[in-house]
Amino acid sequence: MSTRLDLALQEVAEAAGASSGFGDPETPGTATTVHRLAARVRRRRAARGAATTAVAASAAGAVALVGPQLTREATPAGDPDADPGECRSAVADLPSGPRDVLGVELGQRDADDVAVIDPAGAGQDLGTWLSGSADLVVNVSQIPDAGVGATRLRFLLTQDGVVLGTAHEPIAVTPLTTDEVLSTRLEGIGAWTTDHLPVYPLEETDRRWWEVVETSGGALRVAQTVELGLTACDGSGALPPGTYQVYATTVDAVGTARGAAGPWDVEVAADDATPHALPDGFPQDVPLIDGRLVAAHRHGDGWAAEIVTPGNDRGTVAVSLLAPVALRSDHVPADAMVLGPPYQDVVVTRAGVELPGWAVRAVASRTPAGEPSVVYILTARP
Amino acid sequence: MSTWQDALDELVRTRGRALVGYAYLLTGDPREAEDLVQDALVRTFTRGRGTREVASAEAYVRRAILTTYVDGFRRRRHWATIRHLAAVPEPTPSDGPDAGPEPVITTRLAVQQALALLPPRERACIVLRHFEDMTVAQVADALSLSVGTVKRYLSDATRTLESRLGDLAGADDAPAHHTDEVLVTVRRSR
């Protein structure tokens, strides 16, 4: 008896598809899956659009300066008498009366590009970050009654109850409803709720988008992306490694803070600059992320390596380290991935970032023991 | 809803499982297959190739699945753990070419195990040739390989599969009707 290979392959494929929940029209989770896919597409389109804009500006001889996502406030350093919510002020000074309820849920995006959101105290922290900013999502469902004139949502990075970093975002004082967000911002994909939950939107920019995210309890929220700079408000630069507590408050037009939500923990990762003990022959001119090298060996006609390092953004950081030494081209292939400025002319193919002699893929991964890592695959270029 | 989101929604709901099945043939891992499909969907729709009718969008997604897999799909998967694919357990006595009266399940399992023995490019050649029903020339074009290379991959892969499965009806690159045991096959929608 012989095996009919074509039929057997068909049986295998059909069985695999039937046992997968992916795309099952009867499963509510499919709507969430489509939301997430659409959000990823929007995000990548936005990134490509931003890069295209920068290229156009460069071609015109202009100097394109892309500012950080959040505007840093010029707050005085080390002022023990600072107003509530200001740099070096005490968290305990934030107004907390019955008219100061602030409904904020914050979440992090993990290394797999999935965001989870929760109120403070729900056990959902905001991750560990290497690059000086945290890729977060936020939902503001209530602003303080006393803060009718609130014009900004301010994030406070604190340690030992003292504000060490601040960043703020313009916020609308008139809420949308969740349904409105779904129908107008997310274009009606799967109206999964009949609740008219209020949502106070942050100012919309080219680099901000709406998405549907889950809470750790499985509920769904509409949320906006926020890139929270992990920078000291006293002008000393990046916050040193350690764990910080994030609070949110609102600020009106004259700078008065109303309401407080938090804390969520966020960690600024320590840099482990231990030199990597690479095997003989491993290319020395490929910049690798700092951390603990746990594997490096030949991989086909190339090399593979794995480095244990923390950070939700470790994959992005690894790619950003490759970009400065990568090949550049005025004609980036249409199917190439586009990096953000100033590396929009770096060639990134499916094989990875193209360096002289090597195409290098760097992806966030985990070791079999569960430690966060970055895996490098080096493929020889002709 | 915008056009591309309509297409994405419809594609996932109507063809999502078929795409996962196709990706599973390549990866041999259900979770990795789902990840591969999702990455391929994002890649396709990011490039604006998913705004046509579902059949056209699906073709682009299948192509993205294939190229991502062949070029070394490692996302969300630790490369070192892939080695276990080569350590396929021996088929049980009821599996494989001597399968008894319940051949469908046992053959499926045996084929899954045998596929896991193949290197990525050989596996891709087998899937394209015998699941996607491509000609050797089409396989070569899809994988950016020469026809001779594809023939060699198919030959090597067939030898490996036959070492586990016994004779493979229809695995020869000669037209299917040359094989006595091959029946007329009405291909079902995948």
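Two residues are taken to be in contact if their C-beta atoms, placed from the backbone, lie within 7 Å. By this criterion, 63% of the contacts in chain A between residues at least 6 apart in sequence join residues at least 24 apart. The model is a predicted one. Chain A contains 4 helices and 19 strands, and 44% of its 382 residues count as buried.

Five of the strands of chain A form a closed barrel, in the order β2-β3-β10-β11-β5, with mixed pairing. The twist from one strand to the next averages 45 degrees. Strand β2(A), residues 103–109, is mostly covered, with 6 of its 7 residues buried. On one side, β2(A) pairs with β5(A), residues 133–142, in the antiparallel sense over 6 bridges; here G107(A) stands opposite V137(A). β2(A) is also joined by 4 bridges to β3(A), residues 115–118, and these two strands run antiparallel as well. In this pairing Q108(A) is placed opposite V116(A), and the bridge partner of L106(A) is D118(A). The hairpin of β2(A) and β3(A) has 5 residues between the strands, and within the hairpin D113(A) takes a positive phi near 75 degrees.

Helix α3(A), residues 178–185, has T178(A), V181(A) and L182(A) as its buried residues. These residues lie on the same side of α3(A) because they cover an arc of only 95 degrees around the axis. The elements that cover them include β8 (176–177), β9 (198–199), β10 (210–215) and β11 (220–229) of chain A.

A further 6 strands of chain A form an open sheet in the order β14-β15-β19-β18-β17-β16, with antiparallel pairing. Its edge strands are β14(A), residues 292–299, and β16(A), residues 348–349, each of which pairs on one side only. Helix α4(A), residues 314–322, lies across β17(A), β18(A) and β19(A). The helix runs at about 160 degrees to β18(A), which spans residues 358–366, while β19(A) spans residues 372–380.

The largest nonpolar core has 85 residues, and those with the most contacts inside it are V246(A), V360(A), V374(A) and Y376(A). Domain 2 (91–268) and domain 3 (292–380) of chain A both give residues to this core, so it lies between them. Nonpolar side chains tend to be buried together in soluble globular proteins. When residues up to four places away in sequence are not counted, V374(A) touches I289(A), I307(A), T309(A), R314(A), G315(A), A318(A), A362(A), V363(A), A364(A) and S365(A). A second, separate core has 58 residues, including A8(A), L25(B), L26(B) and Y153(B).

How values were computed
Residues are numbered from 1 along each chain as its sequence is written. Chains are lettered from A and ligands numbered from 1 in the order in which they are written. This is a predicted model: local features need pLDDT of at least 70, side-chain atom pairs count only at pLDDT 80 or more; totals for chains, interfaces and linings use all residues. A residue is buried if 20 or more other C-beta atoms lie within 10 Å of its own, exposed if 12 or fewer, and partly exposed in between; C-beta atoms are placed from the backbone. The arc is that of the directions from the helix axis to the C-beta atoms. Two strands pair if DSSP finds at least two bridges between them. Axes are lines fitted to C-alpha atoms, for helices over the stretch in contact, and angles run from 0 to 180 degrees between N-to-C directions. A nonpolar core is a set of buried Ala, Val, Leu, Ile, Met, Phe, Trp, Tyr and Cys residues joined through C-beta atoms within 7 Å. Domain bounds come from an automatic or database domain assignment.
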